[in-house]
Amino acid sequence: MVECRKLAKGEKAVKRLFLLSVFAVAGFCAAAAPAGAQTFVDVGDSHRAKMEINYLATGQIVNGSLDGHFYPDKQVTRAEAAAMIGRTLQFNGKQVSTDFSDVGIQNFASGYIQEAARHSIITGYKDGSFKPDQPVARGEMAIMISRAFGYGASTINSAAKALMDKGIAQGVADGTFGTTNSIKRSDFSVFLARSINSELRLNGSMPEFTQTDTVNADSLNMRSGPSTLYDVKSAIPFKGEVKIGYKVGKWAFIQYDGKTGFVHTDFLASSVGGSSSQIAGKTIVIDPGHGGTDPGASGYGLLEKTVTQDTALRVQNYFKQTPFNILLTQEKDPVGYKTELSDRVAFARNHNADIFVSIHCNSFNGTADGTETYYYAAYQNPHVDESKALATYVQKRMLDALDLKDRGIDNGDFHVIRENTMPAILTELAFIDNKSDNAKLASSYWRQEAAKAIYLGILDYYYNYKKIDDVLPLYNLLQAQPSTKWY
Ligand SMILES: [Zn+2]
């Protein structure tokens, strides 16, 4: 899939980008010639980890030196572990500046380290460092694998037990798991290969194939590993029913017709919409505050309802170019009536909104100024943490865009965020009765900037907090990058 992303790169029309990447998967990548099993000069036929190392090498999950050495007896470092796990899950490995004081963009694994940290697979240290060159201990490895493959183990002991139960690892000679022992590159490869492919596990330990899905491509290749670099074992016809054991990134280890192997989940019926599956059809409701017979606050001849409706439409225009379903509680300023607060909430609920963003302008007595965003922190809305995260990201983007005073995010008791049942926020762009704030609200240039900020803040929420990688191409619309800090 890495090749496919490259094909699609540079496309600015986002909708087309998604289509292109789906075609690219079906066409170019499927046709890519599988690489033969790689061999290293220092991993000979009799090496105990030969099979697992070559399995990973086929998928370019591990690689050796230019002169063909693998160095199987070298200790695996945290940076190497992050890279191997990142390649397994097909993270974007492009080198980036990271949030860690000791991992710069020049570190070969910086992209994988940043992504692994974002997915909470490998975390840094309290002092802000990552210690990329520190050897990985067995207990640490168990936690990393447990998190990468979703075993739900939160302690070293439970992670070690999960690995032993699944036939991925055994205890050491003294009968313990040897949690503090360091690991060689060869052993890490063995554990990782077994985690990826059940067929390599001890005692033929197979997962339970509990989930059923159907193929929605004309013919879907079942491969020996989770990438197009692996050999095709067989092809599954349209509507073929597969049983899923577990997922490895966007690939699933499945059982079909008595055989096991890997298929790409974009081509299963449960992920309608191809590579945009995680966001396609997710509904975002934008709520322009006030309107009709309720003008809201005012200042210097400007009505709050005019600002909120116009800004909401600008936000909508951005999201119309994405796979999200974008809805406004009122498409235009209603004439002769007003949209009740309870109707705004009912609208979001009836449309099964994923998030709700209400846009307002503040007013006080002319002296207060700045931007602030509210969320509701009480039991009626069960999404307090998500609401707070959404508020955090939108507020940050608004400050960057409007360059007004930071009044922060706060818990606010407003009907539309109190009574809603999805993550919900209310943002106050600026003070309409403050002269300098008002000048920005009155300007279509600044309302466009505010709309961009709301768009990017929402993307940041999905990307950083909900960890939905599919939103990444949507930043291209504004030639922007995800915010690096996360809530
Ligand atoms: Zn208002």
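Reader: Which residue stands opposite Tyr-375 in β13?

Author: Happy to start there. This is a predicted model, in which local features need pLDDT of at least 70 and side-chain atom pairs count only at pLDDT 80 or more, while totals for chains, interfaces and linings use all residues. Residues are numbered from 1 along each chain as its sequence is written, and side-chain values use heavy atoms, with hydrogens and water left out. Helices (H or I, at least four residues) and strands (E, at least two) are DSSP runs, numbered from the N terminus. Now to your residue: Tyr-375 faces Asn-411 in β13.

Reader: Which strands are joined to β12, and how do they run?

Author: Two strands pair if DSSP finds at least two bridges between them. Here, β12 (residues 371-375) has four bridges to β13 (residues 406-411), and these two run parallel. Another four bridges join β12 to β14 (residues 424-431), this time antiparallel. On the β14 side, Tyr-374 has Leu-426 as its bridge partner.

Reader: Are the faces of β12 covered or open?

Author: In a regular strand, side chains alternate between the two faces of the sheet. Buried means under 20% relative accessible area, exposed means over 50%, and partly exposed is in between (1.4 Å probe, protein chains only). In β12, Thr-371, Thr-373 and Tyr-375 are buried on one side, and Glu-372 and Tyr-374 are buried on the other. That makes five of its five residues buried.

Reader: Which residues coordinate the zinc ion?

Author: Donors are N, O and S atoms within 2.8 Å of the metal (3.2 Å for Na, K and Ca); water is not among the atoms, so sites may look incomplete. In this model the zinc ion is held by His-290 through NE2, Glu-304 through OE and His-360 through ND1, at 2.1 to 2.2 Å. Along the sequence, the donor residues follow the spacing H-x13-E-x55-H. Glu-304 belongs to helix α9 (residues 304-319) and His-360 to strand β11 (residues 355-362), so the pair ties together parts that are 56 residues apart in sequence. Glu-304 is buried at 3% relative accessible area, and His-360 is buried at 12%.

Reader: What does the side chain of Asn-464 reach?

Author: A polar contact is a pair of N or O atoms within 3.5 Å; within protein, one must be able to donate a hydrogen and the other to accept it, and residues adjacent in sequence count only if both atoms are side-chain atoms. For Asn-464, the side chain reaches the backbone oxygen of Ser-483 at 3.0 Å. Asn-464 sits in helix α14 (residues 444-465) and is buried, with 2% relative accessibility.

Reader: How many salt bridges does the structure hold?

Author: Side chains of opposite charge can pair when their charged atoms come close. A salt bridge is a side-chain nitrogen of Lys or Arg within 4 Å of a carboxyl oxygen of Asp or Glu. The structure holds 22 of them. One of these joins Arg-48 to Asp-187, with the closest N and O atoms 3.0 Å apart. This pair links distant parts of the chain, 139 residues apart: Arg-48 is in the loop between α2 (14-31) and α3 (50-58), and Asp-187 is in helix α8 (residues 185-196). Arg-48 is exposed at 53%, whereas Asp-187 is partly exposed at 23%.

Reader: Which residues are linked in a network of salt bridges?

Author: Look for Glu-115, Arg-118 and Asp-469, which are linked in such a network.
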